[in-house]
Amino acid sequence: MRFPTSLTGIMTGIFFWGLATAAPSGLQTLEPRAAGSCHSATSRACWSSGYTVQTDYEQSTPPGGIKTFNWEITEHDNWQGPDGRVKSKVMLVNNQYPGPTLTADWGDTIKVTIKNSLRINGTSIHWHGFRQFGTNIQDGVNGITECPIPPGGSKTYTLKATQYGTSWYHSHFSAQYGNGVVGSIVINGPASSNYDIDLGAYPISDYYLRTADQIVGDTMVSPAPPASDNVLFNGKNINPVGSGGEYSKLTFTPGKRHRLRFINPSVEHNYQVSIVGHNMTVISTDFVPVNSFSTDNVFLGVGQRVDVTIDASRTIGNYWMNVTMYANNFCGSSVNTFPAAIVQYAGAPNTNPTDKGTLPANTNCRDSLDYVPVVTRQAPLDTFTPNASDTLDITLETSALVSWKVNNSSMVVQWDKPIIQYVMDGNTSYPTSENVVVVSQPNQWTFWVVENESPIPHPLHLHGHDFMVLGASAANAGAFTAADKTQLKANNPVRRDVTMLPPSGWVILAFKADNPGNWLFHCHIAWHVAGGLSVDFLERVPEQKALIRQADSTAFNSNCAAWRKYYATSPEKQMDSGLKMREITI
Ligand SMILES: *[C@@H]1O[C@H](CO)[C@@H](O)[C@H](O)[C@H]1NC(C)=O
Ligand SMILES: *[C@@H]1O[C@H](CO)[C@@H](O)[C@H](O)[C@H]1NC(C)=O
Ligand SMILES: *[C@@H]1O[C@H](CO)[C@@H](O)[C@H](O)[C@H]1NC(C)=O
Ligand SMILES: *[C@@H]1O[C@H](CO)[C@@H](O)[C@H](O)[C@H]1NC(C)=O
Ligand SMILES: *[C@@H]1O[C@H](CO)[C@@H](O)[C@H](O)[C@H]1NC(C)=O
Ligand SMILES: *[C@@H]1O[C@H](CO)[C@@H](O)[C@H](O)[C@H]1NC(C)=O
Ligand SMILES: *[C@@H]1O[C@H](CO)[C@@H](O)[C@H](O)[C@H]1NC(C)=O
Ligand SMILES: [Cu+2]
């Protein structure tokens with residue numbers, strides 16, 4: 001340990017909201033613990049009797065309470081945005097942007113009732129990173145695990161916090177999260193490194209003035225990545241081209257170690273985050289605690305989370321926190337429009353920092369594969385025999401309208417007949433356009449060769465599992481070959497729920513078929529999943545069917561009935577993949 005340990009043991013996470021229409025959520029105060037006791041500032045690895053950061057959370061979860069939330073999804077025209085500019089339309093959770101942070105403890109059962117008060121859009125809320133062990137029907141993906149919630153309708157999601165750390169929730173209805181239906185999740189639990197102060201969730205997001213629906217329209221005509229109008233740090237920033245808005249400020253207490261929970265809830269951009277004059281220690285990647293890893297910058301692909309600790313060991317003052325992005329989101333050529341926030345040491349004057357710092361080395365859109373999970377896993381690499389049935393080739397189709405294909409097929413879901421309906425019906429006649437990939441061998445490790453036949457990197461996200469990342473190629477490496485197998489790492493490699501697929505290269509993923517359900521696997525760039533870039537892993541169908549409880553199927557059926565009734569007379573019809581966007585044939 002490289003930090004003084006005589007601490008008060010009181011963690012007070014101060015949360016900065018402060019958006020034009022955001023209601024202050026107040027302090028996120030965790031229960032104080034006596035110095036030296038379990039989970040005090042000097043014993044973060046401990047959580048509660050018998051539960052530590054070493055506990056295999058897929059085997060064992062502490063007893064927890066019930067946390068209940070009631071949220072309303074609303075729609076606003078001519079919304080005064082946080083950077084001083086007006087947006088023609090937003091969709092918000094409880095009238096806040098970002099939406100309220102869902103905070104719970106490891107082991108808790110979380111019940112969230114969502115009321116859809118949008119004018120004409122359905123909605124469907126996904127709990128990113130939640131394993132949903134045995135509870136696929138709570139995954140919140142319309143067309144896959146449920147019908148959309150119609151305007152005027154409500155639905156209660158029940159989730160168990162079997163993992164802990166940092167995540168986020170977002171709408172899975174078309175590109176709706178890009179309109180603001182998004183928020184952070186903090187599940188308190190043990191940590192692999194000690195810290196004094198938990199500063200809470202810190203989303204850093206791209207930000208568009210146009211509506212998500214408009215951008216989706218543009219990206220159907222041209223695959224060029226749309227440039228973001230701003231980058232918001234915890235929902236704030238100055239207007240980069242005019243006046244208005246303000247920098248997000250994080251307060252550091254001199255001499256203390258802070259935990260910060262970075263989240264990338266963007267629709268398009270992957271980036272690197274750095275703080276002038278400060279290194280960071282990574283302690284968790286997505287929902288997976290990792291051994292302490294010191295670095296001067298962290299990479300965040302869309303959907304990824306990286307929890308770090310930072311020592312406030314510098315001179316009292318103000319320091320820039322910078323985000324580095326790349327030209328058109330391609331890797332290689334670096335452009336930096338210097339989106340930034342301010343880290344202010346308590347006691348420092350209210351002035352902007354002066355030291356501009358230096359750009360971190362460009363990681364070429366790759367996320368680090370050097371992280372080492374605390375709870376270890378091994379995959380039987382000798383059973384991996386690369387072949388057509390475990391290869392997922394991603395191609396970009398631009399001949400007519402733009403679409404993305406996996407294994408030569410673009411995903412289009414059916415809102416009023418989600419795949420889980422086929423499971424309930426025992427119907428195996430899945431339409432080709434549902435991109436179903438059947439995984440039937442219980443508890444076997446499955447290996448996936450994902451190859452990118454496009455020059456655009458993709459942040460790939462899997463529902464229902466943390467995958468292992470056995471290896472990834474350099475950019476432009478071409479297809480995976482048998483010779484490449486020797487460089488894969490199967491002994492406790494990086495495990496998480498989003499990783500980067502290099503441009504014109506490959507990544508090898510593995511997960512164990514230990515969670516019956518139908519799990520979406522998709523690119524987290526909103527316009528790419530909109531354009532069809534996903535598959536649905538249909539894992540152990542007969543067992544999934546047996547796991548669906550009567551009460552859940554009753555709720556499912558009544559919501560689907562309400563959706564069908566609404567949709568029959570709805571002024572707006574499905575114009576996209578249903579997840580984000582559909583190929584339209586003209
Ligand atoms: C969602 O609502 C907006 C108007 O509020 C509309 O322009 C858009 O087409 C709707 N999207 C879908 C998929 O119904
Ligand atoms: C950050 O870490 C590097 C490598 O360990 C070290 O050289 C550098 O001095 C550190 N910087 C600060 C500000 O602690
Ligand atoms: C950090 O942001 C500030 C303010 O936008 C900018 O002046 C500075 O050049 C940036 N530094 C880096 C390394 O990006
Ligand atoms: C393809 O490889 C997987 C393991 O990677 C294996 O389970 C499967 O049987 C193989 N399929 C064929 C058709 O060889
Ligand atoms: C890809 O498609 C081919 C031909 O339809 C099929 O044989 C193969 O199993 C598919 N691969 C996957 C991973 O579904
Ligand atoms: C891809 O699918 C199209 C039809 O959508 C078919 O014409 C073509 O032969 C397929 N290509 C391969 C390589 O399977
Ligand atoms: C199975 O699904 C297909 C496609 O949705 C449908 O046409 C068919 O009627 C279904 N069969 C049964 C027995 O439900
Ligand atoms: Cu993509």
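**Notebook: ligands, copper site and cores**

I began with ligand 5, which is surrounded by Ala388, Ser389, Thr391, Leu392, Asn407 and Val437; a residue is listed if one of its heavy atoms lies within 4 Å. I noted that this is a predicted model, in which local features need pLDDT of at least 70 and side-chain atom pairs count only at pLDDT 80 or more, while totals for chains, interfaces and linings use all residues. Residues are numbered from 1 along each chain as its sequence is written, chains are lettered from A and ligands numbered from 1 in the order in which they are written, and side-chain values use heavy atoms, without hydrogens and water.

I then looked up polar contacts, which are pairs of N or O atoms within 3.5 Å. An oxygen atom of ligand 5 lies 2.4 Å from a polar side-chain atom of Asn407, and a nitrogen atom of ligand 5 is 3.4 Å from a polar backbone atom of Ala388. Taken alone, ligand 5 exposes 360 Å², of which the protein buries 49%; such areas come from the Shrake-Rupley method with a 1.4 Å probe.

**Ligand 7**

I found Lys417, Tyr422, Asn427 and Ser429 around ligand 7. Oxygen atoms of ligand 7 lie 2.8 Å from a side-chain N or O atom of Lys417, 2.7 Å from a polar side-chain atom of Tyr422 and 2.3 Å from one of Asn427. The protein buries 40% of the 360 Å² that ligand 7 exposes when taken alone.

**Copper ion**

I asked which residues coordinate the copper ion (ligand 8). They are His458 (ND1), Cys523 (SG) and His528 (ND1), at 2.0 Å; donors are N, O and S atoms within 2.8 Å of the metal (3.2 Å for Na, K and Ca), and water is not among the atoms, so sites may look incomplete. The donor residues follow the spacing H-x64-C-x4-H. His458 in strand E29 (residues 458–462) and Cys523 in strand E34 (residues 517–523) are 65 residues apart and link distant parts of the chain; strands are DSSP runs of at least two residues, numbered from the N terminus. I recorded both His458 and Cys523 as buried, meaning under 20% relative accessible area (1.4 Å probe, protein chains only).

**Nonpolar cores**

I looked up the nonpolar cores, which are sets of buried Ala, Val, Leu, Ile, Met, Phe, Trp, Tyr and Cys residues joined through side-chain atoms within 4.5 Å. The largest has 81 residues, and Val450 and Phe521 are among those with the most contacts inside it. Strand E13 (residues 197–207) gives the largest share of this core, six residues.

Terms used: Buried < 20%, exposed > 50% of the residue type's maximum accessible area, 1.4 Å probe, protein only. Helix = DSSP H or I, 4+ residues; strand = E, 2+ residues; numbered from the N terminus. Polar contact = N/O pair within 3.5 Å; in protein donor to acceptor, adjacent residues only side chain to side chain.
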